[in-house]
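I am opening a notebook on a structure that is new to me. I want to look up a few places in it, one at a time, and write down what I find.

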Amino acid sequence: MKLIKYTFALALCALISSCSSDDDNNNEDLTGQTGSVVLKFDNAVGDQDFIFGTTYNKSNNESFQLSTLKYIISNVRVKDSEGNTFMFPVEDNAFIINEEDGNNAGEIWVVLDNIDAANYTEITFGIGIDQDRFALGAEGQGDFLDMATDEGMMWSWAAGYKFVRFDGTFSTTSLTDEPLNIHMGSVGTSLDNYKEVTLSLPNTVLVRESKTPEIHIVADISKVFDGVTSVNFADGYDQVHTDAQKTPVIASNVQSMFMVHHVHND
Amino acid sequence: MVLSSITVNANTCPLCPENFRTETFLDCDLCGCSTSSGSFGFGTLSNANFVGVRYIYQSFESRNGIFENSPKSEETFNTYQIWAQVPINNKFFITANVPYQDLTRRFQGRNENLNGLGDISAIGWYKLEFFKRRKLDASDVNYNSPKESSGHSLQFGLGIKLPTGKFEEALTDNVNPGFQVGTGSVDGIFSLGYNYGGDRIGVNTLMSYYLKGENKNEYQFGNQLSYSVNVYTVFSTDKMNIMPFAGLSGDVYDSIIQYGETLADTDGDILNASIGSELAIEKFIFGVSYTLPVNQNLFGDNVESIQRFSVYVNFAL
């Protein structure tokens with residue numbers, strides 16, 4: 001009998017000691033530590049992974065398929081749990097997210113190095129190029145100008161960058177496979193379509209010397225046409241370029257298409 | 001005799017969401033590492049004490065990605081275990097389980113395999129037997145006659161699962177963290193069983209709660225409730241007893257906690273139906289069971305249990 005009592009007592013002890021949580025990393029000293037963060041951009045249409053050449057339905061009995069899907073992300077910054085913001089260095093802080101660059105899971109990776117170690121809870125980024133960066137002039141753009149030119153994300157220096165570029169075809173109840181081109185940007189300094197999006201992170205992102213957390217961002221392309229405002233190809237939203245009425249509508253829709261699906265801290 | 005037996009049921013390990021490099025956000029303790037759980041059964045239908053070997057086959061289908069059209073992978077888990085139920089005296093006994101895990105996942109034509117010793121578990125049980133009331137007949141003066149069993153009994157179990165299976169942190173990165181031979185944690189097991197064994201019919205029920213510990217990677221699988229109900233009957237011949245059974249079992253999983261935060265889509269539940277039979281010849285008990293999910297919602301529906309199958313041979317002590 002004694003043996004049994006001891007056995008149970010031992011088991012109980014083991015349980016209690018093993019199940020107590022010890023939050024021993026609260027007073028970790030992160031001073032001077034830096035780490036990397038991976039942003040995984042993943043284009044989708046609703047709950048489907050986006051695939052080139054697939055026909056997607058939208059409102060108004062219209063449909064579309066795309067052969068080009070690119071957009072510019074800039075001014076990426078993260079905010080930690082104490083409210084401090086870490087801005088990635090401005091000169092390197094503009095990226096082209098091109099669906100063609102996706103890995104076999106369809107993710108486009110942006111790797112940000114030398115981020116201050118901290119517990120981050122929020123991410124902000126801009127879609128396109130803001131007026132301050134544009135005001136630096138062609139010389140002030142660094143390598144990004146050449147990159148954008150090569151990627152077909154420029155009209156001309158005077159007109160500026162195309163913030164998003166969707167090329168493909170569309171169909172309506174009366175038209176079939178007509179060209180679809182959504183090229184939205186600011187127009188020089190006369191029309192500012194730069195917008196930012198701030199997303200809270202579903203789990204804290206722990207940036208450490210030894211850890212490279214990943215932030216998986218889903219961009220729901222259906223929101224470009226059925227976002228804040230639903231637009232119809234039949235009403236002229238099949239060709240969107242520098243129009244002062246149409247581009248701000250697309251810009252607001254694009255701003256609404258991002259969400260953080262999850263993060264990885266491993 | 002008889003009376004107490006512990007539920008046998010098939011397995012359950014639904015789980016294991018598999019993901020690859022790309023998606024690792026879901027995981028659970030279902031996989032290989034929890035084949036010692038109560039919904040798999042701790043013992044034989046009929047008899048309390050034995051030592052034996054059991055093989056469990058499980059298959060799953062998991063979505064490797066976050067979208068409806070993300071590609072699927074297939075997981076196959078083979079578990080080989082030595083298990084035993086050993087008496088201490090007529091009220092206490094111990095069940096123990098030493099598994100070897102051989103896990104394979106197939107994705108886009110490529111196989112990944114993981115194998116090794118799994119997590120060893122042991123449970124100490126107290127058995128409370130109920131006896132028929134004696135007739136209060138003054139003429140019955142023989143107080144030494146043995147008490148007659150009513151066939152009903154309760155079992156209370158307190159156990160522990162040890163991190164003898166290797167939890168590989170690298171896998172939480174490259175592969176779905178549920179694809180592990182062990183959880184890397186010390187877990188507590190609390191069980192309550194009710195059994196009835198009559199002349200023709202027996203009922204075994206069992207409910208177990210698993211309090212999961214945090215492993216050294218600050219990763220904690222979700223706490224788990226397992227339950228099972230099995231009904232069996234007995235056909236006896238001179239040489240053998242045949243005991244077909246049918247039952248329901250299930251598991252409910254809490255969310256995984258990592259770095260002190262709950263991870264989304266890591267909880268879930270599953271209800272299974274099982275049929276099987278035991279065959280007892282002299283001291284040997286041969287068992288087989290087949291299990292299909294009736295209803296499941298595992299990890300944001302990213303993981304689907306397909307089927308389970310188990311066979312065992314026990315030697316009655």
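Entry 1, ground rules. I am working with a predicted model, in which local features need pLDDT of at least 70 and side-chain atom pairs count only at pLDDT 80 or more, while totals for chains, interfaces and linings use all residues. Residues are numbered from 1 along each chain as its sequence is written, and chains are lettered from A and ligands numbered from 1 in the order in which they are written.

I looked up the secondary structure and found one helix and 17 strands in chain B; helices (H or I, at least four residues) and strands (E, at least two) are DSSP runs, numbered from the N terminus. Of its 317 residues, 52% count as buried, where buried asks for 20 or more other C-beta atoms within 10 Å of the residue's own, exposed for 12 or fewer, and partly exposed lies in between, with C-beta atoms placed from the backbone. I also noted that, among contacts in chain B with a separation of 6 or more, 69% join residues 24 or more positions apart; a contact means that the C-beta atoms, placed from the backbone, lie within 7 Å.

Entry 3, a sheet in chain B. I followed an open sheet of three strands in the order β9-β13-β14 of chain B, with antiparallel pairing, and here two strands pair if DSSP finds at least two bridges between them. Its edge strands are β9 (219–220) and β14 (261–262) of chain B, each pairing on one side only. Strand β13 (residues 257–258) of chain B is joined to β14(B) by two bridges, and I found B:Ile257 opposite B:Thr262 in β14(B).

Which residues other than glycine have a positive phi? I noted A:Asn114, with phi near 60°, in strand β7 (residues 107–116) of chain A, and B:Glu282, with phi near 50°, in the loop between β15 (268–281) and β16 (284–298) of chain B. A:Asn114 is exposed because it has 11 other C-beta atoms within 10 Å, and B:Glu282 counts as exposed because it has 9 such neighbours inside 10 Å.

I found A:Ser59 in the loop between β3 (56–57) and β4 (63–80) of chain A. Is A:Ser59 buried or exposed? With 11 C-beta neighbours inside 10 Å, A:Ser59 counts as exposed. Leaving aside its neighbours within four places in sequence, A:Ser59 is in contact with A:Asp226 and A:Ser230. From A:Ser59 to A:Ala148 I noted 89 residues in sequence and 32 Å in space, C-alpha to C-alpha.

Conventions. Contact = placed C-beta atoms within 7 Å.
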